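Entries follow in the order I looked things up.

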Amino acid sequence: MNRRGVSAYALAAALMISGVASAAPAPRRVPKLVVILVVDQLRADYIDQYGHNWTGGLRRLMDEGAWFREAAYPYMTTVTCVGHSTIVTGSLPRTHGIIGNSWWDRGSGRSMSCVSDADQTLISYGAPVKGGTSTKNLLVPGFPDELRMQTGVAPRIVTASIKDYTATTLAGRRADAVVWFNLTARAFTTSSAFASAPVPFVASFVKSHPVEAYFGKSWEKLLPESAYLYADDAIGEQPVGKGTNRFPHLLRGDGGAPDTSFYAAWEESPFSDEYLGQFGEAAIDALKLGQGRGIDYLAISFTTLDSVGHGFGPRSHEVQDVLARLDRTIGSLLAHLDRSVGRRNYVLALTGDHGAAPIPEQVTQFGLDGGRISARDLIARVEKAVEPALGPGQKIAGVAYNGVYFAPGVFEKLRANPAAMEAALAAIRATPGIARVFRADEVAHAFAASEDPIERAVATNFHPERSGDLIVITQPYYQFSTASTGTGHGSPWAYDRRVPLLLLGQGIKPGQYLEPASPADVAPTLAFLSGITLAAAEGRVLNEALLPASAAAPVPPVRK
Ligand SMILES: [Zn+2]
């Protein structure tokens with residue numbers, strides 16, 4: 001059976017199960033290009049608060065796409081690599097194994113980045129640089145991996161981002177082009193996992209689009225002053241480098257020529273989003289994505305909102321301006337897809353990898369509880385609490401996100417000594433801003449079916465080898481932070497878990513949907529439309545947003 005036959009069968013089976021249709025299965029077109037756009041740190045309510053300013057691509061996705069307004073991650077550690085791994089695999093961290101951007105690796109006694117791979121090397125489009133990435137830590141295949149294996153015509157696979165772990169994760173195991181910006185090299189790079197040498201079209205793009213052209217450019221407000229909510233210069237904002245909290249932001253760095261601080265400022269400006277959008281358009285043209293016989297795949301993760309959100313917070317004019325400009329960047333990309341691939345030939349999903357917390361110092365201005373917790377202080381409290389039972393010396397090997405990792409043998413000693421264990425837990429609970437603490441051994445056994453949403457969020461994030469011995473949950477609006485400015489994400493609270501989920505294109509029924517949904521549903525839905533099976537997906541097909549099979553135009557059978 002050819003690819004189209006398989007997908008027609010899958011759709012007919014789904015319709016029969018749901019009782020929607022009983023007519024003979026109609027042949028269904030598969031998309032020629034699948035596009036995933038991730039906006040790093042995109043809170044769901046940014047659309048509600050700031051969307052009235054948009055007229056470009058984000059606006060078009062809201063008006064012409066299927067918009068899931070109540071989408072949220074179901075798990076605890078709402079950070080970038082976990083979100084991207086969930087989006088690309090359709091499974092949850094308990095299954096895909098990426099429980100944080102990094103975790104404490106008990107085998108090596110070191111922190112492990114989600115994509116670091118010592119067996120790989122970096123291939124630079126500029127100065128050489130050390131390192132290497134791959135998705136070897138991802139325990140299940142991604143959508144592009146399954147696409148490669150299950151379709152008769154090899155897909156062309158392209159991903160791009162400013163961050164290494166987002167471009168890498170979205171690609172899966174192999175790809176035609178994977179690019180990100182490496183601040184040490186001050187150049188775009190890829191990994192030997194994906195290429196043995198610079199990819200010619202990427203090399204010519206970066207040569208003809210030098211980042212240095214942005215040197216001296218000023219990031220001004222795009223919209224009239226009255227379009228921005230809240231204040232431009234609010235308490236707790238953290239400027240980039242030596243910049244200020246107010247517009248305009250000059251991309252100049254510390255000297256008269258581009259230096260590392262200039263490249264960092266470029267990364268944290270909407271100009272790097274714009275650059276990635278242009279790269280996406282160039283990739284469509286160079287590789288003729290969506291214009292061949294197979295199903296191609298393009299994924300871009302827009303990074304700027306995350307870096308600007310960390311520094312300036314969700315209420316800032318900077319965040320509002322990044323979104324207004326991203327609306328234009330995505331509008332241009334959609335117009336390019338329409339022209340080059342055709343509106344009826346691609347399907348696109350846009351979502352966020354996590355939300356963001358408001359700046360704690362702004363929360364307390366409203367008379368609410370909120371604040372910053374020092375991980376070092378927490379460690380000291382636990383070490384002191386267990387010292388009477390276990391003696392002096394270091395007991396905690398590392399802390400990563402919500403996880404506290406004891407030195408080898410310590411957790412076993414505490415399990416054998418309930419009073420000492422309780423002393424450790426009580427010390428954490430007594431820390432201001434901490435809501436709850438869990439033991440890994442109780443999470444592993446009891447939580448998956450819990451009626452307590454926090455326990456479920458902990459369980460879906462839990463991996464027995466990679467998770468901490470103790471798992472710590474902050475109270476709402478508290479965060480682990482050693483800074484006195486800026487903000488973060490990574491909690492199981494709604495402001496970090498809720499993100500928009502939008503679908504557009506072939507097979508998608510426009511509208512607003514309030515059904516529960518999660519970014520884990522993105523890959524299963526795209527797999528269904530592409531007529532392939534994901535090995536380990538836990539998300540669902542968002543069937544309420546799919547057109548019935550009869551609405552998709554039949555295509556002639558493929559001649560082999
Ligand atoms: Zn972040």
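Entry 1: I began with the second largest cavity and sorted its lining by class: five nonpolar, three polar and no charged residues. The model is predicted: local features need pLDDT of at least 70, side-chain atom pairs count only at pLDDT 80 or more, and totals for chains, interfaces and linings use all residues. Residues are numbered from 1 along each chain as its sequence is written, and side-chain values use heavy atoms, with hydrogens and water left out.

The second largest cavity has a volume of about 30 Å³. I listed its lining as Cys-81, Ser-85, Ile-98, Cys-114, Val-115, Thr-135, Leu-138 and Thr-169. On a 1 Å grid over the protein atoms alone, a cavity is a set of points where a 1.4 Å probe fits but cannot get out; a pocket is an open set with protein on both sides within 12 Å along at least five of seven lines; lining residues have an atom within 4 Å of a point. Points are joined across faces, edges and corners, and a volume is the space filled by probe spheres set on them.

How many cavities of 30 Å³ or more does the whole structure hold? The search finds two. Strand 3 (102–105) and strand 15 (403–406) each supply at least two of the lining residues. Helices (H or I, at least four residues) and strands (E, at least two) are DSSP runs, numbered from the N terminus. By class, this lining has seven nonpolar, eight polar and no charged residues.

**Entry 2: a helix pair.** I checked helix 4 (residues 80–89) against helix 7 (residues 164–171): their axes come within 9 Å and cross at roughly 15°. That makes helix 4 roughly parallel to helix 7 (the class for angles under 35 degrees). Axes are lines fitted to C-alpha atoms over the stretch in contact, and angles run from 0 to 180 degrees between N-to-C directions. Contact (heavy atoms within 4.5 Å) involves Thr-80, Cys-81, His-84, Ser-85 and Val-88 of helix 4 and Tyr-165, Thr-166, Thr-169 and Leu-170 of helix 7. I sorted these residues into four nonpolar, five polar and no charged.

Entry 3: I noted about 590 Å³ of space in the largest pocket. Of its 23 lining residues, Tyr-401, Gln-479, Phe-480, Ser-481 and His-489 are the closest to its centre. Which strand gives the most to this lining? Strand 18 does, with three residues. The lining divides into 11 nonpolar, 10 polar and two charged.

The second largest pocket has about 340 Å³. I found 18 lining residues, with Val-240, Lys-242, Gly-243, Leu-250 and Ala-265 nearest its centre. Helix 9 gives the most to this lining, with three residues. I sorted the lining into seven nonpolar, seven polar and four charged.

**Entry 4: backbone.** The peptide bond from Phe-247 to Pro-248 is cis, with omega near -5°. Pro-248 lies in the loop between strand 9 (218–219) and strand 10. I also logged Tyr-230, a residue other than glycine with a positive phi, near 65°. Tyr-230 is found in the loop between strand 9 and strand 10.

Note on methods
Nonpolar A, V, L, I, M, F, W, Y, C, P; charged D, E, K, R; others polar. Parallel < 35°, antiparallel > 145°, perpendicular 65-115°, else oblique.
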